[in-house]
Amino acid sequence: MPGTPDSHEIRDSVDETRAAWATVRPELDTTAIAVLGRIHRLSRAVTLLSDALLEPFDIGRGEFDVLTVLRRSGSPVAATRLAHLLTVSNAAVTKRMLRLEASGLAERQRASHDKRVVLVDLTPAGRDLIDDALPAQLALEAEIADVLESGDRDATEDALRHLLIEAERRLNG
């Protein structure tokens with residue numbers, strides 16, 4: 001981008017991490033940290049920014065993610081399926097659901113076909129809240145992604161897709 005320093009002229013926290021490892025353990029190949037370390041730090045930074053953005057809605061990024069899955073689904077989702085879709089543990093879904101139920105934004109009920117299955121759904125208040133919060137979250141993410149030019153964004157999206165497919169393949173065995 002015009003006015004933006006070349007990526008090799010600026011350093012970030014991952015560069016500092018790699019430099020420290022090169023000093024302490026020079027035999028280690030930290031090349032993957034250059035990509036995956038940045039993905040991890042970027043994810044954490046966006047989560048923190050999202051939490052601050054969502055504070056007026058009285059939800060955090062974890063609850064936001066539950067509400068968005070439920071909103072997209074259009075029907076109740078099994079709690080175990082929700083955990084899979086969010087790549088979190090069943091316990092994490094339970095913790096998020098306790099907060100969402102206490103706020104009146106989502107509800108759980110046993111499935112009529114199998115009482116062992118817990119179904120999760122939005123309440124009308126949850127639907128209204130996510131419909132209000134989603135545009136603000138999308139705007140934040142667009143602002144961050146806009147530092148990339150169109151071609152860089154497409155290449156980054158493609159590269160990240162490959163990495164995600166490999167990680168999910170390993171995760172899901």
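**View 1. Asp58 in the loop between α2 and α3.** In this predicted model, Asp58 belongs to the loop that lies between helices α2 and α3. Its phi is positive, at about 65°, although Asp58 is not a glycine. Asp58 is also exposed, because its relative accessible area is 63% and the cut-off for an exposed residue is over 50%.

**View 2. Thr87 in the loop between α4 and α5.** Thr87 is placed in the loop between α4 and α5, and its phi is near 55°, which is a positive value in a residue other than glycine. With a relative accessible area of 51%, Thr87 counts as exposed.

**View 3. The contact of helix α4 with helix α5.** Helix α4 covers residues 79-86 and helix α5 covers residues 90-102, and the axes of these helices come within 9 Å and cross at roughly 105°. The helices α4 and α5 are therefore roughly perpendicular to each other. On the side of α4 the contact is made by Ala79, Thr80, Leu82, Ala83 and Leu86, while α5 contributes Asn90, Val93 and Arg96. Sorted by class, the contact of α4 with α5 consists of five nonpolar, two polar and one charged residues.

**View 4. Leu86 and its surroundings.** Leu86 is found in helix α4, and, with a relative accessible area of 16%, Leu86 is buried. When residues up to four places away in sequence are not counted, Leu86 touches Asp65, Val66, Val69 and Arg96. Leu86 and Ala111 are 25 residues apart along the chain, and their C-alpha atoms are separated by 21 Å.

**View 5. The crossing of helices α3 and α5.** The axes of α3 and α5 come within 10 Å and cross at roughly 85°, and α3 and α5 are therefore roughly perpendicular to each other. The residues that make this contact are Gly62, Glu63, Val66 and Leu67 of α3, together with Arg96, Met97, Arg99 and Leu100 of α5. By class, the residues of the contact of α3 with α5 divide into four nonpolar, one polar and three charged.

**View 6. Helix α6, its bend and its buried residues.** Helix α6 spans residues 124-145 and has 22 residues, and from its first C-alpha to its last the helix reaches 32 Å, close to the 32 Å expected at 1.5 Å a residue. At Ala133, α6 bends by about 30°, and a proline, Pro135, follows within four residues. The buried residues of α6 are Gly126, Leu129, Ile130, Ala133, Gln137 and Leu140, so that Ala133 is both the place of the bend and a buried residue. An α-helix has 3.6 residues a turn, so residues three or four places apart point the same way. The buried residues of α6 pack against α2 (31-54), α3 (61-73) and β3 (118-122).

**View 7. Gly173 in the segment after α7.** Gly173 lies in the segment that comes after α7 (150-172). The relative accessible area of Gly173 is 93%, and the residue is therefore exposed. Gly173 and Asp51 are 122 residues apart in sequence, and from C-alpha to C-alpha they are 32 Å apart in space.

Technical notes. Residues numbered from 1 in each chain as written. Predicted model: local features only at pLDDT ≥ 70, side-chain atom pairs only at ≥ 80, totals over all residues. Heavy atoms only, no water. Axes fitted to C-alpha atoms, helices over the stretch in contact; angles between N-to-C directions. Helix = DSSP H or I, 4+ residues; strand = E, 2+ residues; numbered from the N terminus. Parallel < 35°, antiparallel > 145°, perpendicular 65-115°, else oblique. Contact = heavy atoms within 4.5 Å. Nonpolar A, V, L, I, M, F, W, Y, C, P; charged D, E, K, R; others polar. Expected span 1.5 Å × (residues − 1). Bend = angle between axes of the 7 residues up to and from the residue. Buried < 20%, exposed > 50% of the residue type's maximum accessible area, 1.4 Å probe, protein only.
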